[in-house]
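Please keep the sequence and the coordinates in view while reading.

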Amino acid sequence: MIDSNAYVGEWPFRRLPYSQPDRLLRKMDDLSIEKAVVSRLENVFFKDLLVGNRELHAIVHAHADRFIPAYTINPGYPGWDEDLEICLDELGARNLRLHPNYHGYELLGQENLRLLEIARERDLLVIIAIGLEDVRHHHRLVVVPDVGAGDIAQTVNAFPQARFLVAGGRFGEVTSIWRSVDKRENLYVENSRVQGPIHDVAKLCNTIGPDHVLFGSNAPLHYHESAKLSIETETQITDAEKQRLFRENAARLFNV
Amino acid sequence: MIIDVHVHPHVSRRLDDFAELMAIAQQFDVHLVTYSVRPVTAANNHEYPSPENIRACNDQTFMLMQRHPDRVHGFTYVNPGHAREACEELDFRLREQHFVGLKLWVAVPCVDPRLDALMEISAHYRVPALQHTWFKATRQKTGESPPAMVAALAKRHPRTTIIAAHAGGDYEYGAKTFRSCENVLLDIGGNECNAGYVEILVNHVGADRVIFGTDMPGRSFSSQLAKVLGTDLSAEEKHKILYGNMASVLAQTKTIGDPSVFAAQS
């Protein structure tokens, strides 16, 4: 089983049970999760993301058989392109994570278009995080709505050859994006915040197809068990399809 | 065995769709505490429903109770804004049709004095009153009750068992608000499965006052079950939340058809 959407680190608003690498790894062991794609959670709020990315590199280096890094880039902040070069050349980045809502830039803005052009040229996977938690639960001083599904669809349409994983989207958001994208070969979604309606996983497979849906936990913000149980207990898809969601699609996408 | 205290029957606009929920109930061995807040044939939820609309909702719930007596247990939905009709509707459904609770949504804020008679009827029949409540960082619905209003209601009616739906929406806010309200149970259904959700509730109000709900069909069963299975609580605490606490409440109602269904297993 490969978790396609997780983080390591602390969150400003509450203590998280599996924020630190050792606890996260124990939880992964308990649930038979072989590997997880992780980003530095602090980089949602840090200004200098290179600090968090270097910390992530050290964490992943210590557990290279378990963690796959996704380095966070903020194209709305000065020097992002130099930081990206460091991530690519020194840290060996193959996967990038974007938080357009928390970092306050437009997906179709000039700087992000430049970033996506580099991603396309270098064949980097771009993970766009739609949201992290239900906006109704946010701290009243930090209310951050999800990234607009329409903006993501336009972005994917503008770069049909780039590879995208849409992370942290709810059912309506990810199906809306899928329907609005013209060329979908390089578009993937994960199921961490798809927590309804009933038979959501089967409905995702029917709409998007079982080759483009991945298991993702959104840990440590969410209980791992939600995304895992949702696939495991789904009665309307086959065991072979479950295997694709749990492992095969991620193995292909992340070159495991 | 699990009791899900928060189930809406309207999968789409066909009552037959309830079969999907029944299949889930059988898969996970669940009793469904069910209440309609929208007649199946209606285009939208009416947030201030007419007495006729209310009756249509409760008729549909009753039909499901009759079809699935071993699995479905109905709560009576009313609009306290229609005070006389609401009391008559609640009394009739409890007395004649074995409904086992009261469901209140957003027609009026729950500090409205017209709720008092409904609370007294609930206490008389020893049935719980489930009140939708949500504290939001974003905009509240008109008539939506934040947890502080539910706490005030509970303090005014100490003989009535009140269920705070969604654990207050913002469950951390709910946990603090309801800490000293001994007659309030917190239903965990309907929100995202944030890590630590149930542990925070248990830390503040204890495992005896936390109960399992899903808010199906809008939420999936698995995502809500994960809130309990994902914790490091003891097996006994998990059993209380998933079954035992609510089984005790239902077994004590004067209206349940066969109290031994819950008494024997709680």
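Chain A has a radius of gyration of 17 Å, which agrees with the value near 18 Å that a compact globule of 256 residues would have. The model is a predicted one, and the points below should be read with that in mind.

**Chain A as a whole**
- Along its principal axes, the C-alpha trace of chain A spans about 50 × 40 × 40 Å, and 52% of the 256 residues in this chain count as buried.
- The secondary structure of chain A consists of ten helices and nine strands.
- Among the contacts in chain A with a separation of 6 or more, 74% are made between residues 24 or more positions apart.

**The largest nonpolar core**
- The largest nonpolar core contains 155 residues, and those with the most contacts inside it include A:Leu96, A:Val126 and A:Val166 as well as B:Leu186 and B:Leu201.
- Helix H9 of chain B, residues 235-251, supplies the largest share of this core, namely seven residues.
- When neighbours within four places in sequence are left aside, A:Val126 is in contact with A:Leu96, A:Leu98, A:Leu116, A:Ala119, A:Ala162, A:Arg163 and A:Phe164.

**B:Tyr243**
- B:Tyr243 lies in helix H9 of chain B, and it counts as buried because it has 21 C-beta neighbours inside 10 Å, where the cut-off for a buried residue is 20 or more.
- Not counting residues up to four places away in sequence, B:Tyr243 touches B:Met1, B:Ile2 and B:Ile3.
- B:Phe135 is 108 residues from B:Tyr243 along the chain, and the C-alpha atoms of the two are separated by 26 Å.

Definitions and conventions
Residues are numbered from 1 along each chain as its sequence is written. Chains are lettered from A and ligands numbered from 1 in the order in which they are written. This is a predicted model: local features need pLDDT of at least 70, side-chain atom pairs count only at pLDDT 80 or more; totals for chains, interfaces and linings use all residues. A nonpolar core is a set of buried Ala, Val, Leu, Ile, Met, Phe, Trp, Tyr and Cys residues joined through C-beta atoms within 7 Å. A residue is buried if 20 or more other C-beta atoms lie within 10 Å of its own, exposed if 12 or fewer, and partly exposed in between; C-beta atoms are placed from the backbone. Helices (H or I, at least four residues) and strands (E, at least two) are DSSP runs, numbered from the N terminus. Two residues are in contact if their C-beta atoms, placed from the backbone, lie within 7 Å. The radius of gyration is taken over C-alpha atoms; the globule rule is 2.2 Å times the number of residues to the power 0.38.
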